[in-house]
Amino acid sequence: MADWQIDLIKVVFIWAWALLIAVVMTWVERRASAMMQDRLGPNRAGPFGLLQPLADGIKLFTKEDIIPERARKILFILGPILFALPAFSTYAVVPFGDKIVIGGKEIILQVSDVNIGFLYVLALSAIAVYGMVIGGWASNSKYSILGGLRATAQLISYEVPMGLALLTIVLLYGTFSLREIVLQQQGTFLGFLPNWGFFKQPVGFIIFLVAAYAEANRVPFDLPECESELVTGYHTEYGSMRLGLYLFGEYVNLVALSAITVSLFFGGWALPYVDMGKFLGPVSYGIASFLVFFLKQAFFLFLFVWVRWTVPRFRYDQLMGLGWKALIPLGLVNLFVTALLVQLTT
Amino acid sequence: MDFYFLLFAIMAVGAGIFTITAKDALPSALGLLTVFIALAALYLHLHAPLIAVFQVSIYAGAILVLVVFVIMLLITPDEELEQAQKNISYRAMGAILGAYLVALLVIGLAGIRQLVAQRSLPDGFGAPSQIGLLFFKQYLLHFEMASVLLLVALVAAIYLAKKNV
């Protein structure tokens, strides 16, 4: 096979995989919330209600597509697309496994190992806000505009602590390539802890996680769509599959964010203490590394759901206070301490 | 001329014209977003991926988001910008700044011979470490000056905001 064919297969595979996980996540979200609230949740369509996402999809596709009369049509259509696109594009740099050898050819399990992969992720998350803003503004309704307004303020505030937390990782590993960062997290540190970013940079991890929840608009940071005040915020006027794209884009975003969390802080595809490559064949090693990565990712996906149904929503001033008065100073101090430690130890 | 350059150059110029002619505020800002992204694509083409990413994350992701924030705060889709566009002092200011930019470009044209000539890239060109070295060794003074300038703006903004509270 030529290189471009392999690349094409990788791209198609990872997109299909991300879509599948996002679909399953809509089911997990509803079932888990039911579990936590002592309800049953959707259990009629298929075994355990597993076909529920399919039923939802059919419903969304067959509903009437309404564009409000006074909305800006082109922008109204563009909004959901711009929202979902950056989330999908993140997968281009996520290392979802080590490497697999098929027919004597070594294939790295990552679409593209660009040396600035890390910054690419940051840039994409910065672009994602436009989907919400455009949708909110083009709807020409008060709730939508307020939702879009909140989205811009929130994203711009939480991008700073996220950047600060990620900078400490760059200082620690001295590279912007996600694959390099994962490779450097192999082995142990202090003799017994896995050599993970989480153990070396716990404060950075907490800041990153909080900022990630804010960037993904998840409870407790879902102020842009806040049902109790804004109906559903920036997508109030949307219906049918356009709404579906917004809702679905959110899950795709979650999958991407958990993948980044795993790669940066939890050793990516590698198991702690065990070197899988030693006793597994080249093909099974590739598959095993992919599965390990997915298991770790699944934990963080579940954490998103867990937090959503456990923690109440912030008030808007609390949200801004947390971002600017707590996370940013903490991030700056953490960056300073890390820089000092790196300077002293190397 | 190569196709890639032409594609994004035309995109940038077209979006730029749209930015200054659009009747509504938000579409105009989106035109500017397109300009930024087209420029980022051109930087990639010039083997400067780091600059391209900064272009997107800082200009498109931070500065323009602030502009959009102000637009959302002040202008609803039903309002049009004509009033602001008819303001003579804005127009005069725009003309002066525009003439200044054109003059800068014309002066820059003098050196275009050297730029167009093909040459091989130095080792590690565009790598983050190389840019860092340039910043902290060769251009340290400029770098620090820029940071002090930004700090001044920050302090001034806080002072102005506090005065009104």
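How many of the 10 residues of helix 5 of chain A are buried? The count is 10 of 10, so helix 5 of chain A is largely enclosed by the rest of the structure.

**Confidence**

The model is predicted. It scores ipTM 0.76 and pTM 0.83. Chain B has a mean pLDDT of 82, with 90% of its residues at 70 or more. Within chain B, confidence is lowest in helix 4 (residues 82-86), at a mean of 64. It is highest in helix 8 (residues 140-164) of chain B, at 88. Where pLDDT is low, the predicted coordinates should not be read in detail.

**Helix 5 of chain A**

The buried residues of helix 5 of chain A include Val129(A), Tyr130(A), Met132(A), Ile134(A) and Trp137(A). Gly131(A), Gly135(A) and Gly136(A) are also among them. What do these buried residues pack against? In chain A, they pack against helix 3 (73-89), helix 4 and helix 6. In chain B, their partners are helix 2 and helix 3 (49-74). After helix 5 of chain A comes Asn140(A), with a positive phi near 55 degrees.

**Where the chains meet**

The contact between the chains takes 24 residues from chain A and 21 residues from chain B. On the chain A side, helix 4 (117-127), helix 5 (129-138) and helix 6 (142-173) each give two or more residues. Helix 6 of chain A gives the most, with seven residues. By class, this side of chain A has 20 nonpolar, three polar and one charged residues.

**Chain A as a whole**

Chain A holds 13 helices and four strands. For 346 residues, a compact globule would have a radius of gyration near 20 Å; chain A has 21 Å, which agrees. The table collects values for this chain.

| Property of chain A | Value |
|---|---|
| Span of the C-alpha trace along its principal axes | about 60 × 50 × 45 Å |
| Share of the 346 residues that count as buried | 45% |
| Share of contacts with a separation of 6 or more that join residues 24 or more positions apart | 76% |

**The nonpolar core**

In soluble globular proteins, nonpolar side chains tend to be buried together. Here the largest nonpolar core has 117 residues. Which of its residues touch the most other members? They are Ala211(A), Val255(A), Phe36(B) and Val56(B). Helix 6 of chain A supplies the largest share of this core, 15 residues. Beyond its neighbours within four places in sequence, Val255(A) is in contact with Ala18(A), Ile21(A), Ala22(A) and Leu301(A).

**Ala40(B) and its surroundings**

Ala40(B) sits in helix 2 (residues 25-45) of chain B. Is it buried or exposed? Ala40(B) counts as buried because it has 24 C-beta neighbours inside 10 Å, and the cut-off for burial is 20 or more. Setting aside neighbours within four places in sequence, Ala40(B) is in contact with Ala52(B), Gln55(B) and Val56(B). Phe8(B) is 32 residues away from Ala40(B) along the chain, and their C-alpha atoms are separated by 9.3 Å.

**Domains of chain B**

The domain assignment of chain B gives domain 1 (3-126) and domain 2 (127-165). Their C-alpha centres lie 22 Å apart. The contact between them takes four residues from domain 1 of chain B and four residues from domain 2 of chain B. On the domain 1 side, two of these residues are nonpolar, two are polar and none is charged.

Methods:
Residues are numbered from 1 along each chain as its sequence is written. Chains are lettered from A and ligands numbered from 1 in the order in which they are written. This is a predicted model: local features need pLDDT of at least 70, side-chain atom pairs count only at pLDDT 80 or more; totals for chains, interfaces and linings use all residues. Domain bounds come from an automatic or database domain assignment. Two residues are in contact if their C-beta atoms, placed from the backbone, lie within 7 Å. Ala, Val, Leu, Ile, Met, Phe, Trp, Tyr, Cys and Pro count as nonpolar, Asp, Glu, Lys and Arg as charged, and the others, Gly among them, as polar. pLDDT is the predictor's confidence in each residue, from 0 to 100. The radius of gyration is taken over C-alpha atoms; the globule rule is 2.2 Å times the number of residues to the power 0.38. A residue is buried if 20 or more other C-beta atoms lie within 10 Å of its own, exposed if 12 or fewer, and partly exposed in between; C-beta atoms are placed from the backbone. A nonpolar core is a set of buried Ala, Val, Leu, Ile, Met, Phe, Trp, Tyr and Cys residues joined through C-beta atoms within 7 Å.
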